[in-house]
Amino acid sequence: MTSLYSVDDCESLTTKQVHGLYKDHVNKSQVSLMTSFGFGQELVESAEGVWITQRDGRRVLDFTGGVGVLNHGHNHPRILAARQRFQERRSMEVHKTYFSPYVAALGHNLAELLPGDLNMSFFPNSGAEAVEGAVKLAYKYHGGRRSRVLRSDISFHGKLLGSGSLTGQNQSGFQFPGIPGVEIFRYGDLDSVRKLVAGLRTDKGESDVYAILIEPLSASTMNECSEEFLRGLRELCTAEDIVLLFDEIYTGWGKTGTLFHFMRYEGLVPDILTTSKSFGGGKSSISAFVAREPVFRKAYDNLTDALLQSTSTTYYGFGEEAVTAIEAVNVAVEDDYPARARDIERILAPGLERIAKEYPDVVAEVRGHGALHGVFLHKGPKILELVTKLVTKLVPGAMTKDPRFRTKLITSSVVNALYRDHGIYTYYTLNGDNPLMVAPSLVAEPHEVEFFLDCLDKTLAQGLPRLLTRFVKEKVSSLW
């Protein structure tokens with residue numbers, strides 16, 4: 001007889017039962033990975049703002065910001081209320097033969113907030129889909145006559161086959177097939193882009209590049225394009241009729257101190273902008289790519305091609321998702337999330353710099369904007385010597401084949417100590433130099449930022465030898 005779990009059953013499952021079901025039906029290695037940091041040892045009872053309450057009653061300060069999803073924090077009351085109103089009205093979710101007032105209003109709101117003629121919006125489900133939709137639009141804009149798309153060597157645009165081939169950070173070494181014609185330039189290096197574009201020509205001598213994709217600020221590596229580079233890209237793309245795509249899936253909606261990171265530069269407008277993560281208010285899986293009107297109209301604004309864009313997908317404009325995004329955008333604007341990020345930065349940036357100066361043998365560098373900072377931990381000779389000794393004694397040899405193993409080990413030891421000793425939830429990026437990310441939700445209060453800084457200070461004061469030895473002995477053998 002078939003035995004199925006109900007919703008009520010789910011709410012009464014123990015941690016051990018959940019781990020077992022993950023191992024049987026989701027991914028056994030995921031259980032080993034997450035429990036290595038102490039995460040996942042207890043289930044969550046509730047979450048609000050920047051705090052998570054576990055079933056055992058422990059409160060955890062969430063300083064991950066949901067990896068970009070939780071600008072509004074957990075369970076923002078206005079967003080919950082908007083979703084409840086939608087449900088109570090028995091509103092229709094989606095149907096292709098009925099127009100949605102929510103999609104119409106959401107598109108209008110984006111056009112009102114974004115600069116220039118970024119007026120035409122499309123609402124897929126995820127950031128990776130938004131990126132692929134944007135690249136697809138750029139290809140259609142040129143009618144298939146151009147075959148090359150340019151992305152930087154430092155980039156993260158998703159893990160689908162298409163978006164994965166546009167991503168410059170391979171996290172595993174395994175190569176999947178991707179879209180054809182992808183060419184790579186050096187992040188922030190305008191000369192490398194110009195050289196690449198100059199060499200990619202059709203038989204008629206015209207440019208063979210249909211799009212250039214860039215993250216103005218790479219949240220997965222904490223690298224940033226200069227204003228000169230971004231304006232140079234804009235000038236080059238205009239001259240060669242190349243569609244310029246800005247990916248601000250992580251950095252949008254106030255995270256770095258402006259509504260979108262590129263908007264700190266007056267008059268700079270891409271041809272297409274992608275957004276997701278906090279666009280859904282932490283409760284909705286929704287994304288958008290927003291195009292300049294001339295680009296959109298040339299690509300799709302005719303009866304033959306109108307359904308080639310993402311509006312023809314089943315879940316496009318899903319009612320409750322669109323309602324959630326409308327409220328999330330309004331909260332971000334009315335509560336001035338860019339100003340909130342700047343307020344957080346006024347405490348966070350000098351605090352991190354002070355810690356870096358206090359522990360120069362531990363912290364190599366700190367950089368970031370607003371409520372998004374990366375702390376780069378040292379890989380100097382002394383630390384490498386210590387890690388080598390630990391690896392030789394305690395770690396299986398196969399684990400050290402990862403070229404970034406040492407960096408991951410050092411940063412993991414700090415993440416682990418912050419969580420176990422102080423109840424602070426942080427993470428490190430899987431890309432670049434694996435910095436410890438300090439990325440609180442924009443609803444974080446000053447005393448919560450100060451508490452994090454105090455706990456980071458106390459953690460680093462223990463010294464890396466102690467942190468590393470403890471972490472390696474506890475669970476490191478399950479990490480890689």
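**Ground rules**

I number residues from 1 along each chain as its sequence is written. For this predicted model, local features need pLDDT of at least 70, side-chain atom pairs count only at pLDDT 80 or more, totals for chains, interfaces and linings use all residues, and side-chain values use heavy atoms, with hydrogens and water left out. I take helices (H or I, at least four residues) and strands (E, at least two) as DSSP runs, numbered from the N terminus.

**Entry: α2 and α3**

I looked up helix α2 (residues 15-25) and helix α3 (residues 28-35). Their axes come within 6 Å and cross at roughly 135°. Axes are lines fitted to C-alpha atoms, for helices over the stretch in contact, and angles run from 0 to 180 degrees between N-to-C directions. Angles under 35 degrees count as roughly parallel, over 145 as roughly antiparallel, 65 to 115 as roughly perpendicular and the rest as oblique. From α2, I find His19, Tyr22 and Lys23 in the contact; α3 brings Lys28, Gln30, Val31 and Thr35. Contact means heavy atoms within 4.5 Å. By class I get 2 nonpolar, 3 polar and 2 charged residues. Here Ala, Val, Leu, Ile, Met, Phe, Trp, Tyr, Cys and Pro are nonpolar, Asp, Glu, Lys and Arg are charged, and the others, Gly among them, are polar.

**Entry: the sheet with β1**

Next I took an open sheet of 4 strands. Its order is β1-β2-β3-β15, with mixed pairing. Two strands pair if DSSP finds at least two bridges between them. β1 (44-48) and β15 (424-425) are the edges; each has a single partner strand, so one side of each lacks a neighbour in the sheet. Strands β2 (residues 51-54) and β3 (residues 59-62) pair antiparallel over 3 bridges. Trp51 has Leu61 in β3 as its bridge partner.

**Entry: β4**

Is strand β4 mostly covered or mostly open? I find 4 of its 5 residues (118-122) buried, so it is mostly covered. Buried means under 20% relative accessible area, exposed over 50%, partly exposed in between (1.4 Å probe, protein chains only). β4 runs antiparallel to strand β12 (residues 288-292), joined by 4 bridges. Leu118 stands opposite Arg292 in β12.

**Entry: α11**

Helix α11 (residues 319-334) has 16 residues and should span 22 Å at 1.5 Å a residue; its end C-alpha atoms are 23 Å apart, which agrees. The expected span is 1.5 Å times one less than the number of residues. Of the 16 residues, 13 are buried, so α11 is largely enclosed by the rest of the structure. Asp336 follows α11, with a positive phi near 50°.

Another open sheet has 4 strands in the order β13-β14-β17-β16, with antiparallel pairing. β13 (363-369) and β16 (427-428) stand at its edges. β13 pairs with strand β14 (residues 372-377) over 6 bridges. Val366 has Val375 of β14 as its bridge partner. Helix α12 (residues 337-358) packs on this sheet, touching β13, β14 and β17 (436-438).

I then checked α12 against helix α15 (residues 446-461). Their axes come within 10 Å and cross at roughly 10°. The two are therefore roughly parallel. The contact has 11 nonpolar, 1 polar and 4 charged residues.

**Entry: Val472**

Last, I looked up Val472 in helix α16 (residues 464-475). Val472 is buried, with a relative accessible area of 6%. Its C-alpha atom is separated by 9.6 Å from that of Ser412, 60 residues apart along the chain.
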